[in-house]
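Hi there,

Here is the structure I promised to pass on to you. Have a look first, and then read on for what turned up among its aromatic rings.

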Amino acid sequence: MHVRTRWWGSPAVCAVACVAVVCAALLTGCQRAPGGGVDGEGRLGDRTATGPPVPVRTSGYGAVFLAVGECSSFGRTSFTEVSCAGERAAARVVARHDGTARNGPRCPARTDFVLHISEQRPAREDGDGAVPRGYACMRHLQPPHPGDPGGGGGPRTIVGDCVYGSGDGKVRETACDGSGVYQPEFEVTKAVDARSKCPASTALYVRLGGTAPVGCARRV
């Protein structure tokens with residue numbers, strides 16, 4: 001059985017203002033924050049899927065394909081469910097949900113990447129082997145972990161993450177320790193439920209979602 005998936009782990013983008021003009025990006029609108037900061041409210045906290053679907057092959061481990069606690073291998077063209085005790089195991093499922101990530105529960109904060117799984121049904125009518133549409137929140141078995149604070153990746157932006165201006169009116173996440181291709185310019189230091197609760201040093205507001213949807217970011 002072949003299960004089509006999409007890998008969700010590419011950096012999200014947020015439009016940034018130019019001078020005092022309000023700019024619009026594909027998924028967010030931004031403007032200058034009070035005091036000269038940049039307002040980064042938008043989809044920086046939840047990255048959208050990019051690239052073509054990635055094939056995933058089942059291999060008989062567990063009753064549910066890529067259930068919580070199960071593992072997958074990595075490959076250039078496909079992901080395969082494998083035994084977590086095997087040498088091919090590379091990432092573990094930390095959360096698994098049916099439906100789409102857009103409408104379903106969010107992945108845990110330190111998720112490294114997300115696999116979007118397309119619905120698959122066998123030709124037989126007994127339903128044996130069917131895989132419903134869903135998504136698996138994955139974490140690497142070994143470092144590095146891009147989903148950790150400051151790691152420079154993962155499907156969510158969280159406190160401790162850093163971003164840089166990409167030069168096209170947008171900001172993207174990068175490693176806080178400077179090990180990435182781009183140097184960090186802002187760091188998310190706090191998550192609050194309203195902008196008014198951000199500290200005075202805030203230069204960028206980032207929409208994080210959840211119960212504390214506003215990220216307060218300072219220049220680094």
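A charge counts as sitting over a ring if NZ of Lys or CZ of Arg is within 6 Å of the ring centre and within 35 degrees of the ring normal. In this model, which is predicted, Arg195 meets that description: Arg195 lies over the face of Tyr205, at 4.8 Å from the ring centre.

Now to rings that pair with rings. Searching the whole structure gives two aromatic pairs.

One of them joins Phe74 and Phe113, with ring centres 5.4 Å apart and planes at 55°, so this pair is tilted. Phe74 belongs to the loop between β7 (71-72) and β8 (79-82), while Phe113 is in strand β10 (residues 113-117), so the contact ties together parts that are 39 residues apart in sequence. Phe74 is partly exposed, at 41% relative accessibility, whereas Phe113 is buried, with a relative accessible area of 2%.

The other pair is made by Tyr164 and Tyr182. Their ring centres are 4.4 Å apart and their planes are at 10°, so the pair is stacked; planes have to be under 30 degrees apart for that label. Tyr164 sits in strand β12 (residues 162-165) and Tyr182 in the loop between β13 (170-174) and β14 (186-192), so here the parts tied together are 18 residues apart in sequence. Are these two tyrosines buried or exposed? Tyr164 is buried, with a relative accessible area of 8%, and Tyr182 is partly exposed, at 45% relative accessibility.

Enjoy exploring!

Best wishes

How values were computed
Residues numbered from 1 in each chain as written. Predicted model: local features only at pLDDT ≥ 70, side-chain atom pairs only at ≥ 80, totals over all residues. Heavy atoms only, no water. Phe/Tyr/Trp six-rings, centres within 6.5 Å; stacked < 30°, edge-to-face > 60°. Helix = DSSP H or I, 4+ residues; strand = E, 2+ residues; numbered from the N terminus. Buried < 20%, exposed > 50% of the residue type's maximum accessible area, 1.4 Å probe, protein only.
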